[in-house]
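Please look at the structure first.

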Amino acid sequence: MTVKRTSCNLCEAICGLLVTVKDGRVSDIRGDESDPLSKGHICPKAVALRDLQEDPDRLRHPVRRTADGWMEMNWPDAIELVATTLADVQREHGKDAIGIYQGNPNVHSLGALTHMPTFVGLLSTRNKFSATSLDQLPHMLAARLLYGHQYMIPVPDIDRTSYLLILGANPLASNGSIMTAPGFGRRLRAVQAAGGRVIVVDPRRTETATAADEHHFIRPGTDAALLLALIHQVLADGNIRPAEYIDGVDAVRNAVADWRPERAASVTGIEADVIRRLARDFATAERAACYGRIGVSTQRFGAVCQWAIQVLNALTGNLDRPGGTMVPKPAVDTLRGVGPGHLGTYRSRVRGLPEFGGELPSATIADEILTPGRGQIRAMVTIAGNPVLSTPQGNRLDDALRTLDFMVAIDPYINETTRHADAILPPTPLFEREHYDLLFHQLAVRNTARWNEPVLPKPSGARHDWEIFRDLGRGYARKAKLRKSPRIMMVLAMLRMTPRRIVDLGLRIGPYRLSLRRLGHHPGGVDLGALEPSLPARLRTRRKRIDLAPRLFLEELPRVRDHLVEHHRDQGLLLVGRRHLRNNNSWMHNSARLVKGRARHQLLMNPGDLEDRGLRNGQRVRVSSAVGAVDVDVVATDDIMPGVVSLPHGFGHGRPGVRLAVATKVPGKSVNDLTDPGLFDRLAGTAALNGVPVTVTAAAQVEGGAL
């Protein structure tokens with residue numbers, strides 16, 4: 001029996017783990033108190049890593065679809081099939097005939113981060129999509145335009161703040177997102193114990209809102225109005241102290257001149273006096289940070305919201321300030337290895353939506369598959385993603401995938417999306433591979449570094465994700481007869497490098513001049529210290545200055561006014577999602593220990609809204625939107641704002657062909673069969689997954705029970 005150290009890669013918290021291995025199997029998982037970031041904290045998902053390792057539904061070998069069902073393949077034949085078919089599709093229909101969808105787990109895998117972009121780049125298709133446009137894209141757009149790089153995202157210095165304003169986020173369930181803060185509950189209580197305050201604005205009284213000092217309901221999709229009013233008020237009060245390298249203050253002042261608290265109150269449902277008080281409390285706090293997450297990102301004006309959050313922090317002098325918001329300094333400089341980002345270099349073929357950073361909005365994948373013409377997607381590559389459950393109007397994408405000439409999935413499961421594939425290539429799970437978090441140290445509330453060796457040996461015949469990308473890239477280059485230019489030769493050479501070598505190089509040229517050898521002496525991780533002021537030196541902008549008033553955002557404000565003030569009222573019920581600690585997007589429902597206990601799939605609805613519609617608690621109801629309808633059980637609760645209903649993301653596994661023995665028995669429907677791909681952020685292209693107009697009625701009844 002041995003105890004090995006690693007870290008959990010299921011979410012952004014990157015908690016350190018102590019994993020006990022007995023007779024070649026994981027027998028126990030605990031938090032690692034020596035980890036300088038997580039300090040022993042773990043959540044139930046980390047314990048379930050054992051279930052993923054031993055899951056009989058997890059694929060161990062490549063499989064291909066046959067007339068008689070799924071058949072195992074050997075790796076050389078699988079690589080040959082995929083590389084040949086992808087090259088043939090492009091030869092007949094053009095480069096853009098291949099579509100690529102990259103799911104969220106890729107950013108949690110070292111091998112995917114080091115090798116997937118290189119393989120994807122070889123395919124040279126414009127039809128690239130990812131979970132980014134269903135999630136954090138507004139953060140990245142705001143960072144690109146304000147600070148010069150899409151990943152230069154300031155995070156709350158929560159361990160030293162005295163006033164934390166949270167909008168559309170539930171870090172007690174997420175442990176922070178675009179803010180790597182494991183043990184958030186402990187950190188929140190420490191803020192309060194030191195005399196600080198935590199304020200939450202959310203249409204639902206979340207776990208975080210319950211623990212906070214104040215909670216204010218807000219109508220979904222109106223956060224931009226609140227933020228613009230807060231900016232208006234701090235400017236009107238003269239409570240501003242921007243750094244000397246910040247420009248555009250007067251332009252912002254002019255842009256928000258009409259956003260008085262009274263106007264925002266009529267839109268948001270938050271009283272004008274409360275808005276004034278929040279603005280003054282924030283501006284006069286000793287150390288304050290405003291933080292907004294997926295609830296404010298995935299709405300029609302998500303990009304404006306994330307820009308306004310940065311403006312509020314900067315105007316009040318809380319940007320780049322201990323206890324405010326600061327830019328972490330990771331041991332491997334992520335910004336050095338990733339481009340700064342670009343917007344609108346090209347647009348999608350069917351709907352004309354803008355790309356960002358070389359990716360098109362995922363809300364238009366089905367359009368690009370179903371619409372004939374040059375550039376139509378004929379083959380699809382999905383990588384650790386389940387867009388049937390994750391993208392708006394997922395049932396339409398479900399139908400679209402059936403029409404493809406070819407589909408390959410790099411994924412360990414036959415799920416709602418991969419069941420349409422012609423071939424599935426499964427990578428090794430976390431415990432069988434080495435790990436270093438390349439991305440989330442860039443977003444962490446403390447600077448640390450941690451390298452972990454595999455907990456278990458890789459089985460004979462298994463392949464890591466980076467090995468799959470390496471072999472697919474080399475095979476595709478050969479089958480596509482790519483010219484051996486200096487660029488192609490360099491790309492192929494990069495595919496031959498191991499993740500270990502890439503991380504070691506990154507550490508050596510990083511700001512702390514570390515190495516894997518040095519990290520190897522500290523398997524629990526190395527503490528590199530608290531966040532430190534680093535601006536303007538680290539800015540990637542011209543002249544090392546911040547312009548708070550990019551034209552793109554200012555020109556959107558009249559549309560914000562017209563939509564929110566003139567058209568947002570009287571929309572009936574508005575649908576929002578929600579997050580649960582024991583869920584992880586769409587793929588952790590096959591762990592029996594995580595899905596046991598109280599059901600979490602129901603529609604939450606205010607009792608008054610139920611009564612107004614003649615409905616009762618526990619009844620089966622039909623939720624209808626402009627694009628679909630689902631029947632679900634409803635739960636009455638005062639934790640949801642009147643006029644709002646909430647359905648969680650990630651459910652809806654009971655579809656033909658899904659091979660997830662536990663998940664298919666979990667009740668619930670996919671919220672994204674209701675979300676509308678026609679609702680999106682015009683600036684960033686992000687899907688508006690929150691604030692979707694719906695109706696709720698009694699579900700139709702048939703003899704013997706609900707339909």
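Q: Does Arg500 count as buried, exposed or partly exposed?
A: The model is predicted. Arg500 has a relative accessibility of 32%. Buried would need a value under 20% and exposed one over 50%, so Arg500 counts as partly exposed.

Q: Which residue forms a salt bridge with Arg500?
A: Arg500 lies in helix H21 (residues 499-509), and its partner sits in the loop between strand E19 (423-425) and strand E20 (447-449), so the pair ties together parts that are 66 residues apart in sequence. With the closest N and O atoms 3.0 Å apart, the residue is Glu434.

Q: What is the relative accessible area of Glu368, which meets Arg349 in a salt bridge?
A: The N to O distance of this bridge is 3.1 Å. Glu368 lies in helix H16 (residues 365-370) and Arg349 in the loop between strand E15 (343-347) and strand E16 (354-356). Arg349 is partly exposed at 30%, whereas Glu368 is buried, with a relative accessible area of 0%.

Q: By how many residues are Arg277 and Asp281 separated in helix H12?
A: Arg277 forms a salt bridge with Asp281, with 3.5 Å between the closest N and O atoms. Arg277 is partly exposed at 32%, and Asp281 is partly exposed at 27%. The separation is about one helical turn, because the two are apart by 4 residues.

Q: At what angle do helix H11 and helix H12 pack?
A: H11 passes H12 in a right-handed crossing. The contact includes Ala264 and Ala265 in H11 and Ile275 in H12. The axes are 8 Å apart, and the angle is about 115°.

Technical notes
Residues are numbered from 1 along each chain as its sequence is written. This is a predicted model: local features need pLDDT of at least 70, side-chain atom pairs count only at pLDDT 80 or more; totals for chains, interfaces and linings use all residues. Side-chain values use heavy atoms; hydrogens and water are left out. Axes are lines fitted to C-alpha atoms, for helices over the stretch in contact, and angles run from 0 to 180 degrees between N-to-C directions. A crossing is left-handed if the near helix is turned anticlockwise from the far one by less than a right angle, and right-handed if clockwise. Contact means heavy atoms within 4.5 Å. A salt bridge is a side-chain nitrogen of Lys or Arg within 4 Å of a carboxyl oxygen of Asp or Glu. Buried means under 20% relative accessible area, exposed over 50%, partly exposed in between (1.4 Å probe, protein chains only).
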